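Work through the exercises below with the sequence and the coordinates open. Each task is followed by a solution in steps.

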Amino acid sequence: MNTQNTPVHIKLWHRDFWLMSVASLLLTMSMYILLPVMPHWLMEEKQFSAVEAGRSMGVFGLGLYVFGTLCSWLVQRYRRNVVCMWAIIAVIANIAVLWYVQAVRTDLLDFTMMMVHRFVLGATFGLAQMVLSSTLIIDTCESFQRTEANHSASWFARFALSLGPLAGLIVYALYGFDGVLWGAIGCALVALLLVKIVKFPFRTPEEGVKVVSLDRFFLIHGFVLFVNLLMVSTVIGMLLSLTFEPLFYALMMGGFLLALLAQRFVFRDAELKSEIITGLFLLVAALLVLLVAPASPVSPVLIGLSAGIIGSRFLLFFIKLSRHCQRGTSQSTYFLGWETGLALGLFLGYAFFYQQSQQILYTALAITGAALLLYHFFTHRWFLEHKNR
């Protein structure tokens with residue numbers, strides 16, 4: 001029977017690993033804190049149409065790919081932690097420019113400006129997070145702990161999916177959109193400080209590194225996994241386009257914690273296929289609960305539980321699929337699949353289904369069903385035939 005269990009090494013959780021994991025959480029929160037409030041701010045205060053708000057959120061996903069082909073060359077040509085820090089500084093500067101424009105130069109804030117802002121924000125965040133997750137985090141641990149390190153650190157970024165929107169809604173209610181922007185800047189600043197604190201040894205650049213390459217960017221032979229993950233994260237993104245109270249995201253965090261426990265105890269020695277199949281059925285159940293009882297506290301818990309189970313297992317599949325020296329590439333591919341899906345889901349939710357919650361949920365059910373069928377009948381078998389670890 002194909003089973004897989006990720007061991008726990010207490011020695012992994014040392015100071016530097018904690019700092020890098022928390023930096024990943026805060027950097028991701030600096031993006032997610034904007035998700036539940038920015039589209040409504042654009043439509044209600046800046047008179048953007050729902051389609052324009054949707055495009056503004058969706059173009060973020062395109063920006064993620066801008067620096068990807070340069071990632072390997074950048075971390076070889078310059079110190080990898082320096083590349084990450086400059087990318088985070090660019091994230092901070094971009095958010096600060098938006099604050100300045102909307103607070104002082106409101107005449108400059110139009111659809112074109114927002115599209116450029118979100119595209120550049122996606123590009124700078126994408127570079128920072130790809131370097132952080134594919135290079136810096138694994139540089140803080142021993143080689144035999146790297147799979148566990150990738151798996152564990154990814155949970156911190158995953159927690160941001162609930163903590164970011166939760167913080168965004170609370171801050172928006174108390175301090176308005178200015179407060180949300182300053183909250184995003186604050187999260188990114190602390191992430192920058194944490195990366196700065198960790199000392200990374202100098203590494204001699206490799207010879208013959210190409211300026212443009214797919215190394216540390218995209219795992220071509222993982223495209224099937226990428227598409228299946230993209231479908232799931234698109235559903236999550238569509239759900240984020242619905243209007244929820246802060247309690248929804250707090251309960252979603254509870255679902256993430258249940259997913260952690262389930263991985264450790266329920267799926268510890270379970271058949272490999274069972275985890276994602278179970279997660280997809282849980283996601284279907286969450287969508288059905290939202291259809292019949294939108295105010296039920298069960299749905300956000302199920303969403304967090306399913307997203308946690310599915311996301312962490314897909315990450316391990318990408319790692320197992322990668323060949324020698326492609327671990328960083330597998331991390332970036334997983335990151336791109338997850339974030340692209342969220343951006344696509346937000347675009348669809350606002351541009352095509354704004355204030356049509358039932359249509360969003362029916363479409364999400366159809367996509368989830370398709371993802372389930374694709375995984376059950378093709379992706380899993382394909383993975384077993386092509387995995388390298």
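The exercises below concern a predicted model.

**Exercise 1. Overall fold**

Determine how many helices and strands the chain has, and decide from the radius of gyration how compact the chain is.

Solution.
1. The chain contains 13 helices and 0 strands. Along the sequence the pattern is therefore a run of α elements, α-α-α-α-α-α-α-α-α-α-α-α-α.
2. For 389 residues the globule rule gives 21 Å, and the radius of gyration of the chain is 20 Å, close to that value, so the chain is as compact as a globular protein of that length.
3. Along the principal axes, the C-alpha atoms fill a box of roughly 50 × 50 × 35 Å.
4. Of the 389 residues in the chain, 60% are buried.

**Exercise 2. An aromatic pair**

Classify the geometry of the pair formed by phenylalanine 248 and tyrosine 249, and state whether each residue is buried or exposed.

Solution.
1. The structure holds 27 aromatic pairs. Phenylalanine 248 and tyrosine 249 form one of them, with ring centres 5.4 Å apart.
2. The angle between the two planes is 80°. Planes over 60 degrees apart count as edge-to-face, and the pair is edge-to-face.
3. Buried means under 20% relative accessible area. Phenylalanine 248 has 9%, so it is buried.
4. Tyrosine 249 has a relative accessibility of 1% and is buried as well.

**Exercise 3. A cluster and two charges over rings**

List the members of the aromatic cluster that includes Trp155, then find which arginine lies over the face of tryptophan 155.

Solution.
1. The cluster consists of Trp13, Phe17, Trp18, Trp155, Phe156, Phe159 and Phe256.
2. Arginine 158 lies over the face of tryptophan 155, 4.7 Å from the ring centre.
3. Another such contact involves arginine 77, whose charged end sits over the ring of tyrosine 78 at 4.9 Å from the centre.

**Exercise 4. The largest pocket**

Describe the largest pocket by its volume, its lining residues and the helices that contribute to the lining.

Solution.
1. The volume of the largest pocket is about 500 Å³.
2. Its lining has 21 residues, and the closest to the pocket centre are Ile138, Arg146, Arg216, Cys325 and Gln326.
3. Helices H6 (111–139) and H12 (327–351) each supply at least two lining residues. H6 gives the most, with 4 residues.
4. By class, the lining residues divide into 10 charged, 9 polar and 2 nonpolar.

Methods:
Residues numbered from 1 in each chain as written. Predicted model: local features only at pLDDT ≥ 70, side-chain atom pairs only at ≥ 80, totals over all residues. Heavy atoms only, no water. Phe/Tyr/Trp six-rings, centres within 6.5 Å; stacked < 30°, edge-to-face > 60°. Buried < 20%, exposed > 50% of the residue type's maximum accessible area, 1.4 Å probe, protein only. Lys NZ or Arg CZ within 6 Å of the ring centre and 35° of its normal. 1 Å grid on protein atoms, 1.4 Å probe; cavity = no way out; pocket = protein on both sides within 12 Å on 5 of 7 lines; lining within 4 Å. Points joined across faces, edges and corners; volume = space filled by probe spheres on them. Nonpolar A, V, L, I, M, F, W, Y, C, P; charged D, E, K, R; others polar. Rg over C-alpha atoms; globule rule 2.2 N^0.38 Å.
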